[in-house]
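Please look at the sequence and the 3D structure below. The briefing then covers the ligand and the residues around it.

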Amino acid sequence: MKTYVTGAVSALSMIVSTSAFAEPTAEVLHYWTSGGEAKSVAVLQKEFADKGGSWTDMPVAGGGGDAAMTALRARVLSGNAPTAVQLKGPAIQEWYEEGVLADITDVAEANNWEAVLPASIAGHMKCEGTWCAAPVNVHRVDWIWANAEVLSANGIEMPTTWDAFNAAAEKLQEAGIIPLAHGGQAWQDATIFEAVALGILGPEGYRKAFVELDKETLTSDAMIAVFDQMRIMRGFVDSNFSGRDWNLATSMVMNGEAAFQIMGDWAKGEFMAAGKVPGEDFLCASTPGEGFLYNVDSFAMFDVDGEDKKAGQQLLAELVVGQNFQKVFNLNKGSIPARTDVTLDEFDSCAHLSSEDMKASSEGGSLLPSYAHGMALRGAQAGAITDVVTAHFNSDMSSTDAVQMLADGIANSM
Ligand code: BGC
């Protein structure tokens, strides 16, 4: 009996000491594979290693993360979930509902996340009151990027209305320059579409259409006008656009082959990684219209066995919301920190514009989640919209047919 008790006690103390000193490990599934993205994720890998962690990288190439999400589903279904996953928006809650996410409330409370994150961001990180994801940044989606020299050589200013954009694009086309660098992938079509929709519908119309899925707004004359503008945009892309990756489109603007790109500010990460200077080599402005479409990257931890993996999850969650990481990562990524207490002194003018516009739109009620980047809707509804956007962009479908398909697609996805 005595021996049994002693054995049990020493076995217990071994478990405690193993868990307290387990070397943190993490297998991290992400889709940050372009130049700027790889530089950004390297910051996290280094901080993790500096703190004694061992990182196994699982990058799944493919902008917007569709391929990564397919890989994730396969891993979870086979009972072998990665420890940490780049996941965002309502997909976090969808995975939580499947019962496969780890609770990181301890880390969040110990590090006072509630006090350092804006409520609008914190809300996305919670699942039934517990913390189930850690945010790294705020990307703005409704940006237009331009080659500064191409614009000045052609006497063109950054457009502030869609009519001005169309006029500038026609002038560039006549001068033999590709007006709009674009990659024909569904998520990129959706990225342009939501920026056009925000401009034409206005913030309230956008909210009704892409947050509330209001049928009247989805089939309105204003939505027809959005598709009309998309048809015009289609005329401004080059004939090789199909399947092109977003970062190759950014390179076209960098090297002057094309004038504009409409893309989230991860594109700025590419310009910066190539040594380009904002305001000199390239210009940034919000797309025509009011409002701000946000896209918050975050990590969710999956429920896995093993003290080393659990220690890795804790360390990773703590690091990504840390003040230093939020600064250095976002300087590379093109986004701005999610935390409100990180100074922007070292950030460029585009980041300052983003931060000011975010504050103003938050106060004015026009800070809106990006549907194209999985922040506004669940996967099925977002997918139903993107299917129509892409089908319309790649055919001669009329705008009236498109809005009808939109309403039908949403109804069928519910
Ligand atoms: C993500 C970014 C990423 C971009 C291109 C967006 O949906 O939020 O972090 O850089 O897609 O892959």
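A polar contact is a pair of N or O atoms within 3.5 Å. This is a predicted model, in which local features need pLDDT of at least 70 and side-chain atom pairs count only at pLDDT 80 or more, while totals for chains, interfaces and linings use all residues. Residues are numbered from 1 along each chain as its sequence is written, and side-chain values use heavy atoms, with hydrogens and water left out.

- A side-chain N or O atom of Asp-297 is 2.7 Å from an oxygen atom of the ligand.
- For His-373, the distance from a side-chain N or O atom to a ligand oxygen is 2.8 Å.
- For Asn-295, the corresponding distance is 2.9 Å.
- The ligand has 310 Å² of accessible area on its own (Shrake-Rupley method, 1.4 Å probe), and the protein covers 100% of that area.

**Surroundings of the ligand**
- There are 14 residues around the ligand (a heavy atom within 4 Å).
- Trp-32, Glu-37, Asp-297, Lys-333 and His-373 come nearest.
- By class, this shell has four nonpolar, six polar and four charged residues.

**Confidence**
- The mean pLDDT (the predictor's confidence in each residue, from 0 to 100) is 94, and 95% of the residues reach 70 or more.
- Residues 1-19 have pLDDT below 50, and beyond near neighbours in sequence this stretch has one contact (heavy atoms within 4.5 Å) in the model.

Methods. A polar contact is a pair of N or O atoms within 3.5 Å; within protein, one must be able to donate a hydrogen and the other to accept it, and residues adjacent in sequence count only if both atoms are side-chain atoms. Ala, Val, Leu, Ile, Met, Phe, Trp, Tyr, Cys and Pro count as nonpolar, Asp, Glu, Lys and Arg as charged, and the others, Gly among them, as polar.
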